[in-house]
Amino acid sequence: MRTRWIVVAVVVAAAAGAVVAFWPDDAAAVDPEIAVSRSACGTGWTDPKPGPQTFRLHNTGSVTAEVDLIDPATGVIYGEVEGLGAATTRPLQVNLGNGSYAFRCLPEDAGAIVGPSVRITGGAERTGPGVAPVTHDDLLGPLKAYQQHVTAGLGELVANTGALKNAVHGGDRAASQAAWLTAHLTYERLGAAYDAFGDSDGALNGTADGLPGGAADPGFTGFHRLEQGLWHGEDLSGLAAVADQLDTDAHALQTSFADSQVDGNDLGLRAHEIMENTLQFELTGRTDYGSGTNLATARANLDGTRAVLDVLRPLLTPRYPDLSKVDSWLNRTQSALDAAHRPDGTWLRPAELGREQRQKLNADVSELTELLAPIAAIAEPRRTS
C-alpha cells in the first residue's frame, strides 16, 4: 500500500513508500470515516471544513481499491491512497482551501465511482494545490520520444564499443582509455531505460560488489572490468577478450531493446533516481575502478536527466510549478560539474576537489535531487475511469 498527499503540487515521499505529514496541533480532533466500495464512494463526509484534516478511508467492499480526493469539475487530485485492501482503514491527510471536492473510488476490475460533491467555504482561497492526473494515453508521446532517444543512443554506443575494442586490440593503452571513457559516458546518458535493459545492464555496467571473487570474479564483466584492467596495467592482449565481450553485449542490448519498451511508470521515477544514484555512487567515488572519471559520469547522468525532462516537459509544465527551479538547478549543477573538467580533458577525482568545491557540488546535486523527487508522483499514470 502506498499513500500520497499532494499539496501545492508537491509530493513528499518517505523512503519506505509512505508519506509522513505533520499538521498543526489544532487540527481536527474527530476524523471522519469515508466509506469505499464497488457500489458507493465517499459517503460519511458530513461536516466539510477548510484547513488540515485527516480522513479515515474504510474499504467496506471485497476488493482492493484506489481512492482519490479530487475536484469533481476538473479531476485534479489533492490526495490519494493506493492499495486500500478489503475491510481495511487507512488515513488520508490533506490541507484544503475553498472549493468543491469529491472522493473518487477505483475498485479493482470495476469502473470509477465519484462520490457526492461537497463545498468548502470560509478558508483560504484555493490556488491550485493539486495535480491533474496523467493517463497512459498522455504518456504515449513522451514514451515514443524517449524510445527514439534510447534507440539512437544505443546506435552510438555500439559504434563506440567497436572503437574501444579496436583500440584494445591495437595495443594502444592511451587510445583505449580515451575510447573507454567515450563509450562509458554514452551508456550513462541512457539512465532512465536501465530497467528495460534487463540483465544487459549488469553485464555492461555492473560492479564487483557482491561477487564471490570480487574484482577477480569471472562474472565481473563490462565497462568497470575493462576500466580496472586499463588503469591498473593489465596486459592489453589479455584485455582483448573483455573488450570483445563488452562489444558483443552492447550489440545484444541494441537488438533486444528493439523489442522492448520503457515502462511509463519509469520515466518520472528515473528523473529522480538518476541523480540520487549520482549522489550515492559517483560523488563518493564508489564506482571508481581506476579511471578517476566519476565526475564525468555524473555529468553524463545530468544529460540523462535532461533527456527525461525534455520528453516529459509538456506534461510537467502545467502540473509542476517548480519546474523552472529544476531547470535553474540543472544549470547550476552542470556548472559545478564542468568546473571539475580540466583544460587537458581529464577530470578531477571526487577526492581531489577542494573542500568548498566538494561542498558546493554535493549541495547542488542534493538540492536538484530533492526538486526532482515530486516528478515521480506527478508523472505516474493513473486510472480515472
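Predicted model: local features only at pLDDT ≥ 70, side-chain atom pairs only at ≥ 80, totals over all residues.
**Entry 1: the whole chain**

I looked up the overall layout and found ten helices and eleven strands in the chain. The C-alpha atoms fill a box of roughly 80 × 45 × 40 Å along the principal axes. The chain has 385 residues, and 49% of them count as buried. I also looked up contacts: taking those with a separation of 6 or more, 71% are between residues 24 or more positions apart.

**Entry 2: the second largest pocket**

How much space lies in the second largest pocket? I get about 490 Å³. Its lining has 20 residues, and Glu-188, Asp-201, Asn-205, Asn-277 and Glu-282 are the closest to the centre. By class, I noted ten polar, six nonpolar and four charged residues in this lining.

Next I looked up which elements the lining comes from. H2, H3 (194–197), H4 (199–205) and H7 each supply at least two of the residues. H7 has the largest share, with five.

For cavities of 30 Å³ or more, the count comes to one. The largest cavity has a volume of about 50 Å³.

I wrote down its lining: Trp-180, His-184, His-224, Glu-227, Glu-282, Thr-287, Asp-288, Ser-291, Thr-293, Asn-294 and Thr-297. H2, H5 and H8 are the elements that give two or more residues to this lining. The classes here are seven polar, three charged and one nonpolar.

**Entry 3: the nonpolar cores**

I then went after the nonpolar residues. The largest nonpolar core has 71 residues, and those with the most contacts inside it are Tyr-146, Phe-197, Leu-226, Leu-312 and Val-326. The elements giving two or more residues to this core are H1 (140–169), H2 (173–188), H5 (222–231), H6 (236–257), H7 (264–282), H8 (294–316), H9 (323–338) and H10 (355–378). Which of them gives the most? H8 does, with twelve residues.

Setting aside neighbours within four places in sequence, Val-326 is in contact with Leu-309, Tyr-320, Leu-368, Leu-371 and Leu-372.

There is also a second, separate core of 21 residues, and Val-36, Tyr-78, Phe-103 and Ile-120 are included in it.

**Entry 4: strand pairing**

I looked up how E5 (residues 51–59) is paired. E3 (residues 33–36) and E5 run parallel, and four bridges join them. In that pairing, Ala-35 has His-58 in E5 as its bridge partner. E5 and E8 (residues 89–96) run antiparallel, with eight bridges between them. There, Pro-52 has Asn-95 in E8 as its bridge partner.

**Entry 5: positive phi**

Background first: most residues other than glycine have a negative phi. I found two to write down. Ala-87 is not a glycine, yet has a positive phi of about 60 degrees. Ala-87 is in the loop between E7 (77–84) and E8. Is Ala-87 buried or exposed? The cut-off for exposed is over 50% relative accessible area, so Ala-87, at 62%, counts as exposed.

Asp-109 also has a positive phi, near 60 degrees. This residue is in the loop between E9 (99–107) and E10 (113–114). Asp-109 counts as exposed too, because its relative accessible area is 74%.

**Entry 6: a charged residue near the end of my list**

Last, I checked Glu-380, in the segment after H10. Buried or exposed? Buried means under 20% relative accessible area, so Glu-380, at 10%, is buried. I also looked up its distance to Arg-225: C-alpha to C-alpha, Glu-380 and Arg-225 are 36 Å apart in space, and they are 155 residues apart in sequence.

Key. Residues numbered from 1 in each chain as written. Heavy atoms only, no water. Core = buried A, V, L, I, M, F, W, Y, C linked by side-chain atoms within 4.5 Å. Buried < 20%, exposed > 50% of the residue type's maximum accessible area, 1.4 Å probe, protein only. Contact = heavy atoms within 4.5 Å. 1 Å grid on protein atoms, 1.4 Å probe; cavity = no way out; pocket = protein on both sides within 12 Å on 5 of 7 lines; lining within 4 Å. Points joined across faces, edges and corners; volume = space filled by probe spheres on them. Nonpolar A, V, L, I, M, F, W, Y, C, P; charged D, E, K, R; others polar. Pairing = 2+ DSSP bridges.
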